[in-house]
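I opened the notebook to look up helix packing and aromatic pairs. My entries follow.

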Amino acid sequence: MSLMRNLNRALAATTGLQVRRTPRTPSAPAAERPEAAYRCLSAEDLATDRLLRQPVFIISSIRSGSTLLRMMLGAHPRLHTLHELHLGRIDVLCDNWHSERAMSTLGLARGDLEHLLWDRVMHRELVRSGKDFIVEKTPANAYMYRRLKDCWPDARFVFLLRHPESVARSWHESDPDKRPYDKAVTDVLRYMAAVEEARTADPDGFTVRYEDITADPEREMRRLCAFLGVDYAPSMLTYGRKSSRELVRGLGDWRDNIRTGTVQPGRALPEEDEIPEALRPMCAAWGYTS
């Protein structure tokens, strides 16, 4: 008989009370858990530990046009895109000592198990699509660039920039009551700082601006296709009208502009005196101001 059972028998006889195990508190998301240990794979490890090859990740702030870019890339015959996956929010848990010991004996820490699951989910969707490469665009990827790079050493990264004031304005306008403009500025600055940190750490990545995509989509898609090693496809410019099934609310932009199936003009850039002081350093870093 277990210690817990003996203790409860004695307590029940004398006090009428019993001890109950408290529910396990859910772990913090993987993207916010630096303590989640994992191995950094070498190129040689890929053959046994990963099904997916050369995944593409769009690293951007919220409200930067990543859904538009996703739609354009997904219209390419060799590139598969899907709604935001939020991989960093997938939690793998060994529920008892035996499972933890069993996985540890295989050399698999919690982070390794999460990586295997991420890889399997994305590979599954790629195989079902019949295409060659998968593209993922969750904005929270900006906070987990290093982990994605460690998970897939052959991953390729596309850094999507947009004028910081336009990002803040769009984020504010998407829910003005919930996000006053000053709060929107603070929110997007965190994302943009993470994007810039990742962009600085990856000299091999590809940088593209939302404004350039909307101004000259063919030129920018040709540049991006060259980076990805695929031929340019004219279908990328008219990706087709999208339904609610393809644009899931809460998993990317689902509004009217993105549903049209064609690239819509971007908003006019702000005047210099419209840019809040807090956003000016990022505007300068991204070449929007001198």
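I began with the contact between helix 3 and helix 10: Leu69, Met72 and Leu73 of helix 3 meet Pro217, Met221 and Leu224 of helix 10. I took contact as heavy atoms within 4.5 Å. By class I found six nonpolar, no polar and no charged residues there. Ala, Val, Leu, Ile, Met, Phe, Trp, Tyr, Cys and Pro count as nonpolar, Asp, Glu, Lys and Arg as charged, and the others, Gly among them, as polar.

I noted the source: this is a predicted model, where local features need pLDDT of at least 70 and side-chain atom pairs count only at pLDDT 80 or more, while totals for chains, interfaces and linings use all residues. Residues are numbered from 1 along each chain as its sequence is written, and side-chain values use heavy atoms, with hydrogens and water left out.

Next I looked up the geometry. Axes are lines fitted to C-alpha atoms, for helices over the stretch in contact, and angles run from 0 to 180 degrees between N-to-C directions. Helices (H or I, at least four residues) and strands (E, at least two) are DSSP runs, numbered from the N terminus.

Then I turned to helix 7 (residues 164-173) and helix 8 (residues 181-201). They pack at about 125 degrees, axes 8 Å apart. This pair is therefore oblique. I listed the contact residues: Pro164, Glu165, Val167, Ala168, Arg169, Trp171 and His172 from helix 7, and Tyr181, Ala184, Val185, Asp187, Val188 and Met192 from helix 8. By class, this contact has nine nonpolar, one polar and three charged residues.

Last, the aromatics. My search of the whole structure gave six aromatic pairs (ring centres of Phe, Tyr or Trp, with its six-membered ring, within 6.5 Å; planes under 30 degrees apart are stacked, over 60 edge-to-face, the rest tilted). For Phe57 and Trp152, the ring centres are 5.4 Å apart and the planes at 35 degrees, so the pair is tilted. Phe57 lies in strand 1 (residues 56-60) and Trp152 in the loop between helix 6 (145-151) and strand 4 (156-161), so the pair ties together parts 95 residues apart in sequence. Phe57 is buried at 0% relative accessible area (buried is under 20%, exposed over 50%, partly exposed in between, with a 1.4 Å probe and protein chains only). Trp152 is buried, also at 0%. I logged one aromatic cluster: Phe57, Tyr145, Trp152, Phe157 and Phe159.

Note on methods: Angles under 35 degrees count as roughly parallel, over 145 as roughly antiparallel, 65 to 115 as roughly perpendicular and the rest as oblique.
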